[in-house]
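Work through the following exercises with the sequence and the model side by side. Each task is followed by a solution that goes step by step.

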Amino acid sequence: MEKNTYKLVVLVGSVREGRFGPVVSSWVAEQAAAHGGFEVEVVDLAEVDLPLALPAASPKFAGADYPRPAGMARLTGALEGADAVLIVTPEYNHSYPASLKAAIDWHFTQWTAKPVGFVSYGGAAGGRHAVLHLENVLTELHAVTIRDGLSFPNYFTAWTDGRPDDPQAAGYAKTMFDQLVWWAGALKNARAAAPYPA
């Protein structure tokens with residue numbers, strides 16, 4: 001039987017100078033491609049126009065007429081076409097970066113009834129506080145958050161040459177991708193069968 005593949009968008013959430021996010025995202029995208037269940041697209045928020053000031057109308061009700069900046073078009077198109085999203089986030093002051101909140105808030109239907117996984121990195125907590133907050137926000141947007149993610153505590157001493165030192169990291173990644181594939185297929189079929197009652 002031919003294996004289905006799904007479009008996975010990997011979001012690089014940090015835009016901070018000297019950020020570690022691209023290192024983590026590169027490794028994660030490599031793992032996703034090796035898994036075989038995905039067509040992978042990496043979107044780096046540092047390359048996206050993300051104003052903090054939002055239009056008066058809600059993207060939920062404005063739909064395709066929502067006035068987004070031209071520099072946001074690639075992000076919007078990627079989220080629109082995604083079967084699943086993987087957010088790579090650091091933890092800043094026990095939460096996630098403003099760049100991610102802006103990217104989320106400029107969209108609504110693009111998240112609806114789609115699975116979202118998380119890869120976090122930080123100090124002792126490994127970014128888990130950021131993920132807990134993101135789970136709350138994305139549930140409000142009717143996304144389905146994946147339980148098994150990846151967390152990298154003390155990343156600044158736990159990676160060598162662009163790869164995590166933990167020999168079990170690739171195994172944890174496979175578990176996460178197996179769950180993302182399952183949900184991507186289930187939710188894609190459900191969206192095709194009937195409109196989601198948001």
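A salt bridge is here a side-chain nitrogen of Lys or Arg within 4 Å of a carboxyl oxygen of Asp or Glu. The model is predicted, so local features need pLDDT of at least 70 and side-chain atom pairs count only at pLDDT 80 or more, whereas totals for chains, interfaces and linings use all residues. Residues are numbered from 1 along each chain as its sequence is written, and side-chain values use heavy atoms, with hydrogens and water left out.

**Exercise 1. Find which parts of the chain are tied together by the salt bridge of Glu-30 and Arg-163.**

Start with the pair itself: the side chains of Glu-30 and Arg-163 meet in a salt bridge at 2.8 Å, N to O. Glu-30 belongs to helix α1 and Arg-163 to strand β8 (residues 163-164), so the pair joins parts that are 133 residues apart in sequence. Finally, check accessibility, for which buried means under 20% relative accessible area, exposed over 50% and partly exposed in between (1.4 Å probe, protein chains only). Glu-30 is partly exposed at 39% relative accessibility, and Arg-163 is partly exposed at 37%.

**Exercise 2. Decide whether Asp-44 is buried or exposed, and describe its salt bridge with Arg-19.**

In the salt bridge between Asp-44 and Arg-19, the closest N and O atoms are 2.8 Å apart. Asp-44 lies in strand β2 (residues 38-44), while Arg-19 sits in the loop between β1 (6-12) and α1 (21-35), so this pair ties together parts 25 residues apart in sequence. With 11% relative accessibility Asp-44 counts as buried, whereas Arg-19, at 24%, counts as partly exposed.

**Exercise 3. Work out how Asp-105 and Lys-101 are placed along helix α4.**

The closest N and O atoms of the salt bridge between Asp-105 and Lys-101 are 2.7 Å apart. Both residues lie in helix α4 (residues 98-105), four residues apart, and are thus separated by about one helical turn. An α-helix has 3.6 residues a turn, so residues three or four places apart point the same way. Asp-105 is partly exposed at 26% relative accessibility, and Lys-101 is partly exposed at 30%. To complete the charged pairs, note that the structure holds nine salt bridges, and that Lys-7, Glu-41 and Arg-74 are linked in a network of them.

**Exercise 4. List the buried residues of α5 and say what covers them.**

First, take the helix as a whole: α5 (residues 128-140) has 13 residues and reaches 19 Å from its first C-alpha to its last. This is close to the expected 18 Å, a span found as 1.5 Å times one less than the number of residues. Second, read off its buried residues, which are Ala-130, Val-131, Leu-134, Glu-135, Val-137 and Leu-138. Third, look at their cover, which includes β3 (84-90), α4, β4 (115-121) and β5 (144-145), where contact means heavy atoms within 4.5 Å. Just after α5, His-142 takes a positive phi of about 65 degrees.

Key:
Helix = DSSP H or I, 4+ residues; strand = E, 2+ residues; numbered from the N terminus.
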